[in-house]
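This briefing goes through one protein chain by topic. The sequence and the structure come first, and the notes follow.

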Amino acid sequence: KDATYPLLYVTVGKKGDLEEYTCNVESITRKDTTFTSERVQTITLDQSGFTAKGLQPIWGCPNWLVDKERKNLWAFSAIKRTLASTTGDFSTNKYLALKFRLPALSEGSAITLTAADVLEEAVFPFDAYATQGGCIQNGKIYYAFGFANNTVSPQKIRVYDTDAQKIIGRIELQQYITEEPEDIVISGSKLFLNTNSAKIYQLTFPTGTLGIHAVKR
């Protein structure tokens with residue numbers, strides 16, 4: 001209420017950081033040409049009870065994704081670190097997505113999600129190194145991977161269907177971009193990919209189909 005924009009959910013995503021498992025919820029307000037941001041809630045993942053409940057713990061650095069259509073919060077990570085130096089063969093790792101309720105601000109400024117809060121655990125094949133960032137829309141996760149000019153960990157996008165728990169889209173990006181992908185947002189039938197440069201790429205995909213066709217901009 002009274003904010004200029006919807007809440008912004010910010011992933012820490014740095015291995016070894018004291019807030020590695022925390023999502024910071026920010027409220028951004030604009031007054032004329034001045035913008036201010038206030039942290040209104042922190043959401044932290046506690047995995048201590050995962051094994052006892054039969055859940056697979058993640059290695060760390062969950063990326064927090066808000067499914068606006070379904071009003072859920074997801075944490076996306078893997079069984080172990082996603083670099084080629086730590087995963088090695090693809091078969092030794094899996095990607096994991098954990099589904100939670102989307103906490104209301106009325107629940108308090110500090111929320112801890114535990115094994116008891118996991119609504120669903122989706123497990124996906126591992127076929128891309130180096131997690132970057134992504135988003136979720138109506139149960140489908142769109143995620144970017146890889147580095148620039150790296151033949152072992154090239155730039156990729158994968159689309160994960162959390163309902164079917166399978167990969168439904170694969171895009172190999174090295175033929176389209178030379179930069180390192182960072183994050184993804186979807187608007188209508190367009191997917192926007194920002195990079196670690198001044199460039200943002202637009203990809204188009206037919207609504208209602210599983211295929212995605214990249215268009216270099």
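**Cavities**

The lining of the second largest cavity is made up of five nonpolar residues, two polar ones and no charged ones. The model is a predicted one.

- The whole structure holds two cavities of 30 Å³ or more.
- The volume of the second largest cavity is about 30 Å³.
- Trp 59, Cys 61, Phe 76, Ser 77, Ala 78, Thr 131 and Tyr 143 line the second largest cavity.
- Strand β5 (residues 72-78) gives three residues to this lining, the largest share.

**Largest pocket**

- The largest pocket has a volume of about 1,200 Å³.
- It is lined by 39 residues, of which Tyr 9, Trp 64, Leu 65, Gly 134 and Asp 183 are the closest to its centre.
- Two or more lining residues come from each of β1 (8-11), β4 (63-67), β9 and β13.
- β9 provides seven residues of the pocket lining, which is the largest share.
- Sorted by class, the pocket lining has 23 nonpolar, nine polar and seven charged residues.

**Overall make-up**

- The protein has one helix and 16 strands.
- Its radius of gyration is 17 Å, close to the 17 Å that the globule rule gives for 217 residues, so the protein is as compact as a globular protein of that length.
- Along the principal axes, the C-alpha atoms fill a box of roughly 50 × 45 × 35 Å.
- Buried residues make up 44% of the 217 in the protein.

**Sheet β4-β5-β6-β8**

- β4, β5, β6 and β8 form an open sheet of four strands in the order β4-β5-β6-β8, with antiparallel pairing.
- The edges are β4 and β8 (120-125); each has a single partner strand, so one side of each is left without a neighbour in the sheet.
- On average, neighbouring strands of this sheet are turned by 25° against each other, direction ignored.
- Within the sheet, β5 and strand β6 (residues 94-101) run antiparallel and are joined by seven bridges.
- Asn 72 has Arg 101 in β6 as its bridge partner.

**Sheet β9-β10-β11-β12**

- A four-stranded open sheet has the order β9-β10-β11-β12, and its pairing is antiparallel.
- β9 (131-137) and β12 (166-172) are the edge strands; because each has a single partner strand, one side of each lacks a neighbour in the sheet.
- Here the neighbouring strands are turned by 20° against each other on average, direction ignored.
- Six bridges pair strand β10 (residues 140-145) with strand β11 (residues 156-161) in the antiparallel sense.
- Opposite Ile 141 stands Tyr 160 in β11.

- β1 and strand β2 (residues 22-31) run antiparallel, with four bridges between them.
- Tyr 9, one of the residues closest to the centre of the largest pocket, stands opposite Val 25 in β2.
- β2 also pairs with strand β3 (residues 34-45), in the antiparallel sense and over ten bridges.
- On that side, Val 25 stands opposite Gln 41 in β3.
- The hairpin of β2 and β3 has two residues between the strands, and Asp 32 in this hairpin takes a positive phi near 60°.

- Strand β13 (residues 181-187) and β14 run antiparallel and are joined by six bridges.
- Ile 186 has Leu 191 in β14 as its bridge partner.
- Two residues lie between the strands in the hairpin of β13 and β14, where Gly 188 takes a positive phi near 65°.
- In a regular strand, side chains alternate between the two faces of the sheet.
- In strand β14 (residues 190-195), Leu 191, Leu 193 and Thr 195 make up the covered face, whereas Lys 190, Phe 192 and Asn 194 make up the uncovered one.
- β14 runs antiparallel to strand β15 (residues 200-204), and five bridges join the two.
- Asn 194, on the uncovered face of β14, has Ile 200 in β15 as its bridge partner.
- The hairpin from β14 to β15 passes through four residues.

Methods
Residues numbered from 1 in each chain as written. Predicted model: local features only at pLDDT ≥ 70, side-chain atom pairs only at ≥ 80, totals over all residues. Heavy atoms only, no water. Buried < 20%, exposed > 50% of the residue type's maximum accessible area, 1.4 Å probe, protein only. Pairing = 2+ DSSP bridges. 1 Å grid on protein atoms, 1.4 Å probe; cavity = no way out; pocket = protein on both sides within 12 Å on 5 of 7 lines; lining within 4 Å. Points joined across faces, edges and corners; volume = space filled by probe spheres on them. Nonpolar A, V, L, I, M, F, W, Y, C, P; charged D, E, K, R; others polar. Axes fitted to C-alpha atoms, helices over the stretch in contact; angles between N-to-C directions. Rg over C-alpha atoms; globule rule 2.2 N^0.38 Å.
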